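Let's take a walk through this fold together, from the overall picture down to single side chains. Please keep the model open beside you as you read.

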Amino acid sequence: MAGGTGRWGWGAMGQKMEGQLQRNPLLVASVVVNIIFFTYILYPTAERFQYIPDPVVRDEAVRSLLEREGYPGAYVILSAANMAYADSGLLGNMLCSFGRLNVPSFYNHFTFLPLDPDTRTYVSLHFPEIHQFESDRYWEALSEGLLRSNSGTSHNYMSFIIRKTALILYILHHSTEDILWSDSDLVWLKDPLPHLQGHKSCDLLFTDGQYWTWSPMKEWRPRLNAGFYFARNTENTKLLFETWYGVLINHWRRGEDTKEQTSLYKAIYYLQGLGKLQFYTYGHYPANHDDGKISLCLLDPAKFPKWEYLPDYRQEEVVIAHPNVIDKGGKPAELQHRGFWYLNQRNDQCLPRV
């Protein structure tokens, strides 16, 4: 972090915050209360989560995802969408952003997960170079019309999130591939892999949501974006996804619905409370990989910015732009306003480079 020294990122920003703490007793009291709440109230009441294998993920179609002819290994890029994302242009816009990078090897690593037959047909017609995970059986537990227009915390949405997490777990357990997850409403402005693959001491790399500006607080309770992350295939990563899956299953069994992001936080804070997970801010990644503790590293916010902070950074340096905080109906207009729209929606063809 700019201006920081050492793992805690102390520097001008840290000294400023320290001064504010000294002058503001209410701020000190607030920090103390939060520490007591999360340490002595939230953690002890957290239930133990268990990974329960989903028999559906042992379907032959899932194994074929890893065994397809010519698969280059090393990593796999995954994304999923329903027809609502295709109709809005968001899915096509993301796929067009791939083509603008002029990195043909992306298509060797990318697998798209269509959530309904209409979406699979759309991608086949307009983006035939995209490999799709064609398994109606895998999503068969999902009711007709699932996610065609909704993405809230419905029971059907929960079913999708559970199966998505189970699929990622299957890949982690039955291959050596790392996994790059990309939501279908974001755009790729540059190849992100050079910013992801070199950090062998990190188990997972997430977008830094900048909830805190003070590094010690950020490493204790950061804000993450589950719409874009890079998961290295390590035992630590498997533990996090097994716990995340367990959180979802436990909610499902109780008939409760929860958001994907909320369930991820619950799994992370549970593991952090057990001393099995540590956050690291950009510029202060661990020197070595710890086989016994999950290293969750936050990406450079200048290259992977939260959407609200996008104007604060030079656009030519931004790698991924994700309007995750914008209402779904307003995302196409917002992307167009920012100059991140690459799809001609009259014919579903990618716009030529200017």
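A word on the ground rules comes first. This is a predicted model, so local features need pLDDT of at least 70 and side-chain atom pairs count only at pLDDT 80 or more, while totals for chains, interfaces and linings use all residues. Residues are numbered from 1 along each chain as its sequence is written, and side-chain values use heavy atoms, with hydrogens and water left out.

Let's begin with the whole chain. The protein chain holds twelve helices and 14 strands; these are DSSP runs numbered from the N terminus, with helices being H or I of at least four residues and strands E of at least two. Of its 354 residues, 54% count as buried, where buried means under 20% relative accessible area, exposed over 50% and partly exposed in between, using a 1.4 Å probe and protein chains only. The chain exposes about 16,200 Å², and carbon and sulfur atoms supply 51% of that area; accessible areas come from the Shrake-Rupley method with a 1.4 Å probe, and for residues only the protein chains shown count as cover. Contacts (heavy atoms within 4.5 Å) reach along the sequence: among those between residues at least 6 apart, 72% join residues at least 24 apart.

Now step inside. In soluble globular proteins, nonpolar side chains tend to be buried together. A nonpolar core here is a set of buried Ala, Val, Leu, Ile, Met, Phe, Trp, Tyr and Cys residues joined through side-chain atoms within 4.5 Å. The largest such core has 46 residues, and Leu-91, Trp-188 and Phe-228 have the most contacts inside it. Among the elements that give two or more residues to this core are β3 (75-81), α5 (90-100), β4 (110-114), α7 (117-126) and β9 (224-231). Helix α5 gives the most, with six residues.

Next, look for the rings. A search of the whole structure finds 13 aromatic pairs. Rings of Phe, Tyr and Trp (its six-membered ring) pair if their centres lie within 6.5 Å; planes under 30 degrees apart count as stacked, over 60 as edge-to-face and the rest as tilted. Phe-98 and Phe-110 form an edge-to-face pair, 5.0 Å centre to centre with 90 degrees between the planes. Phe-98 lies in helix α5 and Phe-110 in strand β4, so this pair ties together parts that are twelve residues apart in sequence. Both Phe-98 and Phe-110 are buried. Phe-98 also pairs with Trp-188: their ring centres are 4.6 Å apart and their planes at 70 degrees, so this pair too is edge-to-face. Here the link is between distant parts of the chain, with Trp-188 in strand β7, 90 residues from Phe-98. Ring pairs join Phe-98, Phe-106, Phe-110, Trp-188, Phe-228 and Phe-304 into a cluster.

How many does a search of the whole structure find? There are two, each a pair of cysteine sulfur atoms within 2.5 Å. One joins Cys-96 to Cys-350, with an S to S distance of 2.1 Å. Cys-96 lies in helix α5 and Cys-350 in strand β14, so the pair ties together parts that are 254 residues apart in sequence. Cys-96 counts as buried at 2% relative accessibility, whereas Cys-350 counts as partly exposed at 38%. The other disulfide joins Cys-202 to Cys-297, and its torsion about the S-S bond is about -90 degrees, so it is left-handed. Cys-202 sits in the loop between β7 and β8 (204-208), and Cys-297 in strand β11, 95 residues apart.

Strand β11 (residues 294-298) has a partner as well: four bridges join it to β10, and the two run parallel. Strands pair if DSSP finds at least two bridges between them. Both faces of β10 (residues 277-280) are covered, with Leu-277 and Phe-279 buried on one side and Gln-278 and Tyr-280 buried on the other. Phe-279 stands opposite Leu-296 in β11.

Finally, visit two loops. Most residues other than glycine have a negative phi. Asn-102 has a positive phi of about 55 degrees and is found in the loop between α5 and α6 (106-109). Asp-348 has a positive phi near 55 degrees, in the loop between β13 (343-344) and β14 (349-350).
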